[in-house]
Amino acid sequence: MTRKAGTVGKARIAILTITKEEFDIASDVFGLKKNLSATAYFVSDLTAEIHPIVIRKSSAQTNLISAEAAGELIEDFRPDFIFLIGTAGGYGGRDELKLGDVVVADYLEYSEYWKYKEKRVLRRKLAYDHPSHFLLDRFFEPLRADDLLWQPRIKVARPQDGKPALLPGEIVAGDRLYGDPDNPEQQRILEFFDKALAFEMEAVGLARTVYRARRTVDYNPQLMVIRGISDLVNQDADENQNTRKEWTPYAVSAACAVASALIEALIKHLESTEQQSTEEAGTRS
Amino acid sequence: MNEVRKLVDQITAEIERLELPLPSFSLELGWAADYKDLFGGKYSERSAASAIVEKIRYRRLLVSARGGGAKTVLLRRIAKQALGLGIIPILVSLKGWTGRNYEEWKAAPSSVARLDYVLAKFAIVPVTALIIDEFDSRRGRLILIDGLNEVNSRTGQDLVHILDEYVRFAASTSVIVTDRLVRRVFDSQRWQLAELLPLPETEIRSQVMTRFGSLAEYQALPAESRELLSSPYFLDLYLKDGKVQRTKSDEFRAYFLSHVISEDELDVAANAAFEAYRTQSRTFKVDDFTKYAGPQIVEKLRDSGTLMIDGELAYFDHHLKHDYLVSRFLSSHKSLWNADTFKIVSFGASSFEAITLALEQVPSVEDSDFFLRRVYDWNPYASGTALADARATLVSTEMQLVMLAMFAERRWDLLSATAQKASDTLQLIKSDLAESFKSAASLEEIFALLLSLESTSDWFKDWRGLYTKPRGAEASETDLDRLTDEDSVMGWTSSNVLKRCELSPHQQARVRELLAAPDAVIRWRAAHVLGAFPDNDNLASLLSALGDQDLWVRYGAIRSLVELAARSHELADRVFSEIFKKIDLISEHWNIVEEFQRAVLVSEDARPNNWRDLVLPVAAELQARAVTEERIEEWNRVLKALLPQ
């Protein structure tokens, strides 16, 4: 585990949120209420030498801005793990997805890079990281197997009866809000990414920054995207707007519930590994 | 590991070996919050240059200075200071950059490869980014780039972006770049800006006193000469010679005549120096230079230490001497006062010293005004910089007023990039006349300033009559005739004035007809006017002008098309759909793409609410056609700038 610090300090885990609502709920859940002076960062203990978790809010939506915010996080803390936590629009019905469910990305797609040629639309691709296999395999899968590990952590009342599901799946990030199911470009995107469960505007910005940050052998940042479903992109536009308003607090809380259970287990693992390394070093000396 | 240590030892030895000029001047920095403050001379703090390392907050600092401001000395001092603090300095000088380097730079396949290219070619000890990563991060690393202005503006800008990202992800690494007073675009908000300030009077007096034991001669100098001594370069010369002239160009002339060559030989050397700049480099082949200068002059230049010869290559010991020779040649060859030449002597609008020095040497009012007009035609901001930096020129007050009025009005241009550049240029000009234009808050106040001047100049009165036509006034047929005026100032003024006038449908049709004029400049001016009149006929004409054989007409057309969309919310959707259909024409030339990028950055309060959505399909398609990582990133910057602030 690298211990090289960034400009501000060292953090093991960084959390990026986008909206104020997401930030408020996430900082509550993780107890990150202390502001590092003159920065956008919040931690649990200002005096800690290494912050277990640091959180910040991106200044706005879109991949361009999340890329910048993630870049600053890496420059300032060189975190080993970066989580993007918040809400997304879901494709209702795919894999039985419904409002309030939580999608954890197992693959990321970018929906803004196309070439229009002779009445055809050709896909162009950018290089970026994908969600960490280590995190998915070791920490996400146990949560899928046992709902009680995360569901009781949801602190906001569910707008309707039912229970949230936890799903791995493809998340698509573009730079436009998909709020009009009748819009031809939106329809094209939704059909093109026929396996995608969730649509949002920031994951690829983070993923591209993580990809670009891999320039030395001693820095191996890993990312994870956790999105609560606050609205359905294949629903009527007006209805969708109201749905989003109604479901956002719950969706954020559900995403944070998953994230907190996962991060708690991750921190335990990191501490145990570190202790083991220290003991081994002591034995050798 | 041993190899890395050896390399660090080698760097240490090279930095320690670097000589610093004596006497040593106390250099001071003015720290500015942004370029606006920097150009306006508003500093949040002043500090000794020696405090620079501890004042870098976010590991990125750009230090601007005028030519002869001691940028190289500053970086050498910092490199030595860094060593003392245990930091590993990587000192990179771009002074040896030649025309061939542009090709190699372009051929490098990625941004990291380009950074490696610069580090391997121009660092005091060749390194790569990968090697720097292997240096002990506990010591910290400091990359010092001397002379961003030594490369053309596009390369300089690309290098800033590359350094920005490198520093972001490299542990414990900072960067300091020196540059001229030109605006750069930064990806992150983490660049600090500082200006290497002119030497204060106290420092000059202290140096003079130490050297001469008296201030009498210094105090007797004319004000212009004393001002010249605030430049470390000229103070150094004065301390050696005890003489100083009134202008920079006079000073160089005196230097060459008293130490190096005769007046006749100076003209021959000037020709050779000009030919050397054709390679777009301050380093050139000795043989090529000798062909024009002759062996005797080369010998004299070399023996005096003015020309440094290194194998088959040569360069002047200070680039300002080379700039002076070039400016001497330029000022005496009126036939060369054109865009092609200005591009050569300014390294593609990156460095305006030769133009400024030339302006000081033009021998008559009429020619000085003409020279400035020609520079203005090529690059308005170069003419502004020359006005700001040249001393004791013969430029008429009337011509200065024309320039100042144009810059002052452009501060309110619909397109943000134009408005910003005009504002920057105006800020740089420090005369009393300029101050009144800076404080003018409306077009009417600019008119009032112009009308308050008593002038006997017919051309000025003619120009003023045209320029002071109020916003919304009906244009006359004579005003339209002026679009075809051979005098570029009148022609362009007419173009700008017509944009703020009422044009009847018949008059607009007349302007459209001019898009078929044989002279490309007239077609360009017509395209410029049409941007102010959103309707379908003008849209159709501007769309066909995108296919004009002249690049500048296309440039004017794309700009005006975007302007039509910004001015008419009803037409905006159609304008961008039609632009999309012409995308092959636009993407043929990067200059046109760049102008589109600049044009779409219309100020937020002047554009339709869905502006970003309108621009996005064209931008996304042009981005998909971008062939390099840098060009893709440029589109990302544009798209980011279009987000609501």
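This is a predicted model: local features need pLDDT of at least 70, side-chain atom pairs count only at pLDDT 80 or more; totals for chains, interfaces and linings use all residues.

Modeller: Residues are numbered from 1 along each chain as its sequence is written, while chains are lettered from A and ligands numbered from 1 in the order in which they are written.

Colleague: Why is Tyr116(A) called partly exposed?

Modeller: Tyr116(A) has 14 other C-beta atoms within 10 Å. A residue is buried at 20 or more, exposed at 12 or fewer, and partly exposed in between, with C-beta atoms placed from the backbone. Tyr116(A) is therefore partly exposed.

Colleague: What does Tyr116(A) touch, not counting residues up to four places away in sequence?

Modeller: Tyr116(A) touches Val121(A) and Glu621(B); contact requires C-beta atoms, placed from the backbone, within 7 Å.

Colleague: What makes strand 2 and strand 4 of chain B edge strands?

Modeller: Seven strands of chain B form an open sheet in the order 2-1-7-3-6-5-4, with mixed pairing. Strand 2 (45–48) and strand 4 (88–93) each pair on one side only. Helices (H or I, at least four residues) and strands (E, at least two) are DSSP runs, numbered from the N terminus.

Colleague: How do you know that strand 3 and strand 7 of chain B pair?

Modeller: Two strands pair if DSSP finds at least two bridges between them. Four bridges join strand 3 (residues 60–64) to strand 7 (residues 192–196) of chain B, so these parallel strands pair. One bridge partner of note is Ala194(B), in strand 7, for Val63(B).

Note on methods:
Two residues are in contact if their C-beta atoms, placed from the backbone, lie within 7 Å.
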